[in-house]
Structure formats: structure tokens, C-alpha cells
Amino acid sequence: MNCADASTLLSAYTDGETTMLQGHWVKRHLAACPNCAAAYDDMLALRARLRTEAPRHAAPPELRARVLATLDAVRASTPPPARLRVRSERWRWLSGGALAGCAATALAWFVGTAVIDWRANEDLAVEAVTMHVHATLGNQQIQVASSDRHTVKPWLSARLDYSPPVRDFAQDGFPLVGGRIDYLDRHPVATLVYRVRNHTIDVYVRPETATRVAPSALRTIRGFNVAHATGSGMDWLAVSDVNADELTGFVQKLARESGMP
Amino acid sequence: MNRLPCTAAPRASASPGGNKPGGFPVCQGNTEARLPDHTTFEQLVLPHLDAAYNLARWLARDTHDAEDVVQDACIRALKYAGSLHGNDARAWFLTIVRNAFYDWLGRNRPAEIVHEDDDKIAARIDPSSPNPEHEALRRAEMHSLSDAIEALPLQYREVLVLRELEEMSYKEIARVADIPIGTVMSRLARARALLQRSPMLQAIGGQATGSER
């Protein structure tokens, strides 16, 4: 083995990653060649310095907390499969007696639709909170940054099949800071971002439809408040960590006044 | 052990140096259908959060960016936990972190993605090429060995960090960085040669061990 061969293998030899035969030849060469032996010493010195001077960065504690919160949010938006099994067992039980079955079916229909509505409602609120959390964590909260509704509105309209009314409420302490497009309830949705003190409020604006289940006016999910209102031909869903009364008041104001000229 | 993990968005095109154009195989079907329960997943992945952050931090060279990358990687890991076979959770998770980083890089700093083979990279950064201005700039920027590592090209930096700080085997590095073992070997050798020639090492450690090579 000559010096050129040895030098190509020296790095792997330092890592103990040469084959036995290669290792044997490198070792023999190092014993005979002071130049290569010095290069090998340099390699070991570099390793020692790397391991003492180059920090292995530890994850900051806040990151750990953020990761746990995000994992919870992702899980909350994906219902576990166990729920399906419960429902099918309920149906098997219902098919027991004929008359009782009919009565129970009628009852189950009422209860079932109520439950489905409630679940749809719950899922929508959970989905909205998850999106809010993701946007906040990922620093992707605003795609169009402007307090000017004449900038935000056309930007949103160009990307949606509807045109949400946009209004700045800075004089009431709720300045508009921008907007983005999200995906809520299987449809693209306009998200308006408002600020109040240090809190961010995401408002999801969708066209009002007769078929949609009206969400409950206010829910709290994992510490975030979700408030709902309809008005100005739209469906308004606001998510924030600001207090419930203030959020409810704000979303009602939005629904009432956004459409005003 | 030999099964490669899925990635949420395998963007091999954005991954420089990946010799296989297809990158990681996209897992088919049901791997993401069920989320693992809290305890299993968190026992698997959270012990490697430091490793994940360390890799992301050295690749992105910024604490906030590294946190975003790790955050994204955790979400992907949760979705694709079904693709983890065997007990090598660290290599599996670091693969996802690396993919999340390259996707992040493509979105945020596309200019840094360089499609070059190793010889071109080596030629581009050859310290023997006369460029005094560049050299002076580098000298001024380097205050520590960390700076010297951060100045390495991305492809060299990642193998070096995986080897020296995470102490992974060549086989594991090949898997995480999606390159053949031979490439791991040559990139590590070049990374070390560059570090040994860097002004930082010459200034302090160099004189002790002879630096004429």
C-alpha cells in the first residue's frame, strides 16, 4: 500500500469502517510511514476537538412543549377508529326486536342526527383550533399582510369561489393584520387575521348555507375559544386565546358590520 | 432494519446528492391509516428529540428554523409511524428530520439547494484555489470550530454531524442521508480535509500536529 491508497482510507480507518483486510494494510503502512502516521494523528486530534468543541445542541424545553401540543392537536383532528366500531355495535343491538326496533329506530334517528350534528360541530371546532395552532406555531399565519381591506379582499377573492366581506376594526381595538387561505370542512376558506392586544384572532369566513348545521355559539377547546355567528351572508367562525366574552362580542360585530358599505 | 421509512412528502429532487432520483419509496396504502397511541409514539420519538434538534440546528444554522423543522418532522413521524419497522427509531426519525429540512429549505431558501456531484462541490470549495478576498472573509468570520463546521457545504456538514456528533455508523448515515456508503466515506474524508485546512484549526490546533499536508 502506498501513501495515496492509505490517505483515501484514513478517514474510514479512523471511524473503524474499513474492511478487516483494508484495516490491516493501513495499519502496516502507518507503522512504516511517518508522514501518514502524522496525518492519522491529525485525524484523531480533529475528532477529539470536534467532540469537545462542537456542541451537540439540545432541544430547548419550549420545543418539547410545542411538539407535545402539536401532536395532541394533530391527534384531535384525526378521530380514532374505535368510534366506528361503537356505532356498528349500537346498530346491531338496535336490530333486536321488531316493534321495539322501529320505535328505537325512530328515536335513534332523532338522537343520531342530533349526535351527528353535534359531532360535525365538534369536529369543525376542533379542526378550526388545529388550524389556528398550526398557523401560530409555523409562523405561516399571514399570506397577505395588510390592514387595508382593499388589499386583503381582492387577494382572497382571487383564490376562492366567493368574496368574503373584509373590514378593519382598528377603531374598536381589533386591527386587521392580514389574511390567508385555509382548508376547513373539506373546502378552501378565507381566514382573516385580527389582532387584539397581544392575541391573534383567526376568523374563518364561509358563505352561509341553509343546509349547514349551525355551530354552537361558543366552545372552548384545549384552552382556545371558538365563537360563531352568521350575518352579512356569511358564516363566521373565530378562534383565539382571547377571553370568551370578548371573542363572542367581536365575532357578532364582524357578522353584523362587515357587510356594511 | 432494511425497510426505509416513508416520508410525508418525499422531495428527493430537492435533496442534493441523493443518487437515486426517486429518493425514498413512498409507502403504499395503510401505513398512515391509524395513528399510534400516545405512549408508543412518544416513547419511540421523544427520546430522540435532542438528536433531531441537533441535526436540524446544524443543517439550518438557526435556532428558530431548526425548531420549525423539528416540529414539522414530528407531525410527519406521527403520520408515518406505521412505516417504522425494527428498533432503529433514531435513524428513522432523523431521516424524517432531514427530509423535513430539505422541504423547508426548498420553501424558504431555495437558492441554497445545489444540484452538484461531489467532484464539483470539491472543486468549488477547493481551498488551494487562489481567492484571497474570499479567504480573508472566511478568516474573519471564523471564531470557533463551530463556525468552521457551519461553513462546510451542506452535503458534507450533514454526514459530519451524523458521524461525529450523533456517532452513527456509515450504514446508518447512508440510510439517513439517502446516499451509498461509498459516498458517505468520501464526503466524510473531504469534510475532514476541509476542516483541517480551515483557518480556525490552523490558528489553534494546527501548529501542534503539523499542518504542512
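Let's start with the sheet in chain A of this predicted model: seven strands pair in antiparallel fashion, and the sheet is open, with the order β1-β2-β3-β4-β7-β6-β5. At its edges you'll find β1 (144–145) and β5 (218–221) of chain A. Each of these two has a single partner strand, so one side of each is left without a neighbour in the sheet.

Now look inside the sheet, at β3 (residues 187–196) and β4 (residues 199–207) of chain A. These strands run antiparallel and are joined by seven bridges. If you want one pair to click on, take Tyr194(A), whose bridge partner in β4(A) is Ile201(A).

Which helices go with this sheet? One is α8 (residues 244–257) of chain A, which packs on the sheet and touches β4, β5, β6 (224–231) and β7 (234–240) of chain A. The direction of α8(A) makes about 25 degrees with that of β6(A). Another is α7 (residues 149–157) of chain A, lying across β1, β2 (176–184) and β3 of chain A. Relative to β2(A), helix α7(A) runs at about 15 degrees.

Zooming out, chain A has eight helices along with its seven strands. Of its 261 residues, 31% are buried. As for how the chain folds back on itself, take the contacts in chain A between residues at least 6 apart in sequence: 54% of them join residues at least 24 apart.

Next comes the meeting of the two chains, where 36 residues of chain A are in contact with 32 residues of chain B. On the chain A side, α1 (3–14), α3 (34–53) and α4 (61–77) each supply at least two residues. The one that gives the most is α3(A), with 12 residues. By type, the residues on this side of chain A split into 17 nonpolar, 12 charged and seven polar.

Over in chain B, helix α9 (residues 170–177) is worth a stop. Is it enclosed or open to the outside? Seven of its eight residues are buried, so α9(B) is largely enclosed by the rest of the structure. The buried ones are Tyr170(B), Glu172(B), Ile173(B), Ala174(B), Arg175(B), Val176(B) and Ala177(B). What do they pack against? The partners of these buried residues are α4 (89–108), α8 (154–165) and α10 (181–197) of chain B.

How values were computed: Residues numbered from 1 in each chain as written. Chains lettered and ligands numbered in written order. Predicted model: local features only at pLDDT ≥ 70, side-chain atom pairs only at ≥ 80, totals over all residues. Contact = placed C-beta atoms within 7 Å. Helix = DSSP H or I, 4+ residues; strand = E, 2+ residues; numbered from the N terminus. Nonpolar A, V, L, I, M, F, W, Y, C, P; charged D, E, K, R; others polar. Buried ≥ 20, exposed ≤ 12 C-beta atoms within 10 Å, placed from the backbone. Pairing = 2+ DSSP bridges. Axes fitted to C-alpha atoms, helices over the stretch in contact; angles between N-to-C directions.
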